Amino acid sequence: MKKYYTVVKNELQRQLAFRLNLLSYRVGNLLEIVVQIIVWTVIFQKVDVVQGYARNEMISYVVFGWLFVFLTENYGLENIVEHNIFEGKVSEFLVKPISYLKYIFSFSLGRMSVALVSSIGMMLLVILFFRDQLIFNLDPVRALLLLGMVGAGLVLKIYFAVMIGMIAFWTQRIVGIDYSLGVFIKFFSGVYFPLVFLPPLALAICKALPFMYVFYVPTQLYLGKLSVGQGAWALVFELAWIVVMYFLTKLMWTRGLRKYEGVGI
Amino acid sequence: MPIIEVKNLSKAYEYYKKAPGLWMTIKSIFWREKLLAEAVKDVSFSIEEGEIVGFLGPNGAGKTTTLKVLSGILYPTSGAVRVLGFDPYKRQKEYQKQFALVMGQKNQLWWELPAMESFILNKEIYEVSDQDFAERLEEMTTLLDIKNILDVPVRKLSLGQRMKCELVAALLHSPRVLFLDEPTIGLDVVAQKNIRDFIKKYNAKSKTTIILTSHYMEDISQLCQRVIIINLGKIIYDGDFKELVNRYATHKTLVVTFNDRGTQRTEVESFGELVEYNPHRCVIKVLREQAKSAAASILSSNLPVDDILINEIDVDDVIRQIFNQGKR
């Protein structure tokens, strides 16, 4: 396992040398959050409750949801996987006693960690700024569950990214697919609006997909719209999804390699 | 017992045919003709432990493909390959720990970090002990004279320095088999020689079996006793390098320089084929076995000879000749 730890360490060092790379995400992120807050502020000038959400609940949904996004973000890991594939770097992992999937996982941990610190810093400022409009209530049990969801969400999102990146085995480049799938995932995880706004059928689809565990579910738990029991079950489902994603990723990797070998990059 | 055995290896790639132009590109979205390109066809050879074998052939001949099959990156379409008793394609850890692949056109070092960090990562990947690591690193960095650049980010190194570091990274686990794919590509003559000398010394000491591909004849003639020439996916020669040169270099060249008076074209034409002519210097191509007698008769003629040299034909010319034969 020491090799994977060294990968984390190397990548962390690399990120420290190129701090601005991922830091530059911050400006865009901040704008996205502010846009959402503006929209909801305008809406709540006319009404008091939208689909069961009061104004402070909605603002909390946005702010704490984004905090959750940042804690689990991997900053376009799929593009790294894509490049590794079409540039033939994957070959390196076929000749050495190291697993690519474990490598990319470790790599991502090292890569996200520097940006993580900056994003937490930024979110603290956002929270401080909107503190009058936010709900702060967190009992220890919920906090623990949320922490579990942060860990699980992080892993789940790495799997999403790696799988999207591996599409490059078949298509070489993933720019368009990457964008569309990114929006799709954002939509179905509840980044744009609370998923209860959706018609029942669409909501049922969301519940069958793994995406809502990385935004919607944790914010619901935080806002008290999910009971502790429901939250615990959600975490169990999320962990089950991780197991499923693990096998799907492995399957995709073996299939992809067959393609890779055929083309002989 | 050979350490590398390749029997009737073939490897075909899939690719798609597409005529140029926008319209054809649009058409190819809906309908593409799938084709198979045979990169390697029915190749067989075996290599004994400790040998350095040169793999020669023009671009696209199938050298890299063969190395990729030997290192387990590619699955052979047909045929049997065994290296150190392993089937490379199974990618067993025990096999991976005993060989290394260096590609001159690719780098495994972390670009933004000092080479030392990549060395340490490889140490962990191959589970090399601290003591072995320290000893091997010391030995190789001394031989290559790169101790002072180990803590400079790799992207700041020259190509030659980087290649040296690539070699160290690949050899830290002391592989028994080493595949070197154009290790000197793009290097200046001094750097080329450094790398060559290192490989020579390293092989002499560690008895590592090496397959080397290169387009520089100097690499091959300095390092390899045996060469395998591959062209259009087929082996066209497998044997001693010197013999190859003797077999194909049927001629020698005489370089004759004349004194101030110079000479007439007609006076020298009779000695052999004139490759180059000016009144003070002629290059004459003659059959190998006649080289001595031709030189003697030039010297004993009444031409104002100042100096005469008997040269082997350039190895590059020999190889060019062989490659061209393969095309026909």
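A polar contact is taken here as a pair of N or O atoms within 3.5 Å, where within protein one atom must be able to donate a hydrogen and the other to accept it, and where residues adjacent in sequence count only if both atoms are side-chain atoms. By this rule, 7 residue pairs, both members at pLDDT 80 or more, are in polar contact across the interface of chain A and chain B in this predicted model. Local features need pLDDT of at least 70 and side-chain atom pairs count only at pLDDT 80 or more, whereas totals for chains, interfaces and linings use all residues. Side-chain values use heavy atoms, with hydrogens and water left out, residues are numbered from 1 along each chain as its sequence is written, and chains are lettered from A and ligands numbered from 1 in the order in which they are written.

On the side of chain A that touches chain B, at least two residues each are supplied by helices H1 (2–17), H6 (90–95), H7 (100–129) and H13 (228–263) of chain A, helices being DSSP runs (H or I, at least four residues) numbered from the N terminus. H1(A) gives the most to this side, with 8 residues.

In terms of contact (heavy atoms within 4.5 Å), 28 residues of chain A meet 33 residues of chain B. The buried area, that is, the accessible area (1.4 Å probe) lost on putting the two parts together, summed over both, is about 2,600 Å², with 57% given by carbon and sulfur atoms. In chain A, the residues that lose the most area to chain B are A:Val95, A:Pro97 and A:Glu261, together 24% of what that side buries.
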